[in-house]
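Here are some notes to keep beside you as you look through this structure for the first time. They move from a cavity to the helices around it and then to a few backbone details.

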Amino acid sequence: MDRIDMLVIGSGPAGRRAAVQSAKLGKSVLVVDKGRRLGGVSVHTGTIPSKTLRETVLNLSGWRERGFYGQGYRVKQDISAIDLMQRLHKTLDHEVEVLQHQFMRNMVRSGFGEVRFLDSNTAEIRTETGECTMVEFDKALIATGTHPYRPSHIPFDRSRVFDSDEILELERIPRSMTVIGGGVIGVEYATIFSALDVPVTLVEARDEILSFVDREIVDDFIHQMRDRGMTIRLGAKVKSVSTGPTGVDLVLDDGRRVRSDTLLFAAGRAGNVERLNLPAIGIEPDSRGRLKVNPHTFQTEAPNIYAAGDVIGFPALASTSMEQGRVAACHAFEVSPPPPPETFPYGIYAVPEISTVGQSEEEVRASGEPYECGIARFRETSRGHIMGVHAGFLKLIFSLKSRRLLGAHIVGEGATELIHIGQAVINLHGTVDFFVENTFNYPTLAEAYKVAGLDAWNRMGAG
C-alpha cells in the first residue's frame, strides 16, 4: 500500500495551492482528480472558461469601442460559437500545461480517478478503466469543488436548456436567452451574451441580485443592464419550464411568460462529495453537499482531514480558495501562516465588471460608525474620455472618526484590477489623506481614487 503525507482530492485552486505548499514543506503529496486533465472546475468549466469567453466576446464584438463608433460597431460581423471556443481551448491548454509544470517542479505526484474513503487514514482510488489502488495518508484535503444544481423540474437537454457547465458547449449563438439565477454566475453569463447583442431576460426569485455588494453599485449595474435592452425580472419565481420546436417557454408564478430560444439555469451549485464515502470518516455534508470546517484552520469534523474551496461554500472564489488551501496545508503540518488580512476583494466578471473590498455602505451604517463617501465617475476622468467610457464609477467610504478607508466599490471597466489599490489602503489602515496627498499617473482610471478621495475630503474637512 502506498503511504503519503498529504492526499489532495481535486486539482482546482484550493487543491493545487495545498499540494504545492505541502511539497515545499518537504512532504510527500499525491493529487487525485476525477477528470481527465488537471485543473478542476476552475480551469475547465468555471473561472477560466467564463472569463476567457467574456474577453473573447468583448474583443470580437468591439464592445469597448462602441462609445466612439456607435452601438452598431463590431470587429467581426458574424461571430460564431466556433470563434468563441477557439480562444477558450487555447487558454485551457495553456493553464493545464502551467499546472503540470508547477507540480513537476515541486515533485507533486498526480493521478486521475475517484477517491473513496475507507477510514480516516485510508482511501481507495478507482480509475475510469476500473483499476483500484489503495493509499494510506497522514493528512487529506477535500477540494472537489462543485457542480451545477439541477432541479428535477428543469428539462435540461443540452440543446435548448443548459446548466452553467453545459453552456460552454453551445454549438451556435442563440437568437435570445433567458437566464434563471441572479447570482454571480447567472449575472456574468447574462451580460456576456447581452454584449453579443443577444436579447437576454434575467429571472431571479429574490427581490435583489448580488446581495453582498453595495446597493448603490448594484443599482447602477442594473441601470446599465436595462439601458442596453436587457429585461430583468426580480421577485419572480419560476412556475414551469417547457421546451418546443421554437424554443423555451417559461411561466412565472405571477402569470407572466418569458419565451426565448435558449435557457440557462444558473441558480446555485452543489458540492462534489457524493462518491467520497464521507460516513466512513464521520463527516456529513449539508443539503447542497457543502462541508463544515473550522474557518481558521479548515479542519473538518475529522481532525486530520481538511476541506477548502467551493466545497465549503461562501465566498467560493478562486482567489480565496487558493489561500484556504495554503492555510490548510500549513496547519496540517504545524506551520503557522501569517494572520489573514482584514479584507479581500470580490470580483464579478460581468459586463461591466464589479469589484468590491471592505464594508458596504449598508454595513457601515448598520455598525453606527459615522462616515462619508466619495464618488468618482469614470466619464469625468481624462482616461475615461480617451477610452470612450460613458458609465461606471468608484465609491470610497471613510470613517469620520479615524478618517480610515472602510470600503471601496467599483462598477465599470477595469474594476477587478483597480480594486487592489483600495484593498492595499484598507489593509494598511490608510486614510482619506493618502488619496489627497499622493500623485496618480495621468491619464489613468486609477486617478479616480484621487477624485473620489478629494470628493470625500471636501465634505469631511482637513481634519
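1. The largest cavity holds about 50 Å³. Please keep in mind that this is a predicted model. The structure has one cavity of 30 Å³ or more.

2. Which residues line the largest cavity? They are Leu-53, Ala-81, Leu-84, Met-85, Ile-167, Leu-170, Arg-172, Ile-173 and Phe-193. By class, eight lining residues are nonpolar, none is polar and one is charged. Helix α5 supplies the largest share of this lining, with three residues.

3. On the α3 side you will find Ile-48, Pro-49, Thr-52, Leu-53, Glu-55, Thr-56, Val-57, Asn-59 and Leu-60. They meet Asp-83, Leu-84, Met-85, Arg-87, Leu-88, Thr-91, Leu-92 and Glu-95 of α5. Nine of the contact residues are nonpolar, four are polar and four are charged. Leu-53, Leu-84 and Met-85 belong to this contact, and they are also among the residues lining the largest cavity.

4. Helix α3 has another partner in helix α6, residues 184-195. How do these two helices lie relative to each other, roughly parallel or roughly antiparallel? Their axes come within 9 Å and cross at roughly 20°, which makes α3 roughly parallel to α6. The crossing of α3 and α6 is left-handed.

5. In the contact between α3 and α6, the α3 residues are Ser-50, Lys-51, Leu-53, Arg-54, Val-57, Leu-58 and Ser-61. Across from them, α6 contributes Glu-188, Tyr-189, Ile-192 and Ala-195. This contact has six nonpolar, two polar and three charged residues.

6. From α1 the contact takes Arg-16, Ala-19 and Val-20, and from α5 it takes Leu-99, Gln-102 and Phe-103. Sorted by class, these residues are four nonpolar, one polar and one charged.

7. On to the backbone, where two cis peptide bonds deserve a look. One joins Val-351 and Pro-352, with omega about 10°; Pro-352 sits in the loop between β18 (346-348) and β19 (354-358). Another runs from Tyr-442 to Pro-443, with omega near 0°. You can find Pro-443 in the loop between α12 (432-437) and α13 (448-460).

8. Finally, where are the residues Arg-158 and Leu-210? Arg-158 lies in the loop between β7 (146-148) and β8 (161-163), and its phi is positive, near 60°, although Arg-158 is not a glycine. Leu-210 lies in the loop between β10 (200-204) and α7 (215-227). Leu-210, also not a glycine, has a positive phi of about 50°.

Key. Residues numbered from 1 in each chain as written. Predicted model: local features only at pLDDT ≥ 70, side-chain atom pairs only at ≥ 80, totals over all residues. Heavy atoms only, no water. Contact = heavy atoms within 4.5 Å. Helix = DSSP H or I, 4+ residues; strand = E, 2+ residues; numbered from the N terminus. Nonpolar A, V, L, I, M, F, W, Y, C, P; charged D, E, K, R; others polar. 1 Å grid on protein atoms, 1.4 Å probe; cavity = no way out; pocket = protein on both sides within 12 Å on 5 of 7 lines; lining within 4 Å. Points joined across faces, edges and corners; volume = space filled by probe spheres on them. Axes fitted to C-alpha atoms, helices over the stretch in contact; angles between N-to-C directions. Parallel < 35°, antiparallel > 145°, perpendicular 65-115°, else oblique. Left-handed = near helix turned anticlockwise from the far one by under 90°.
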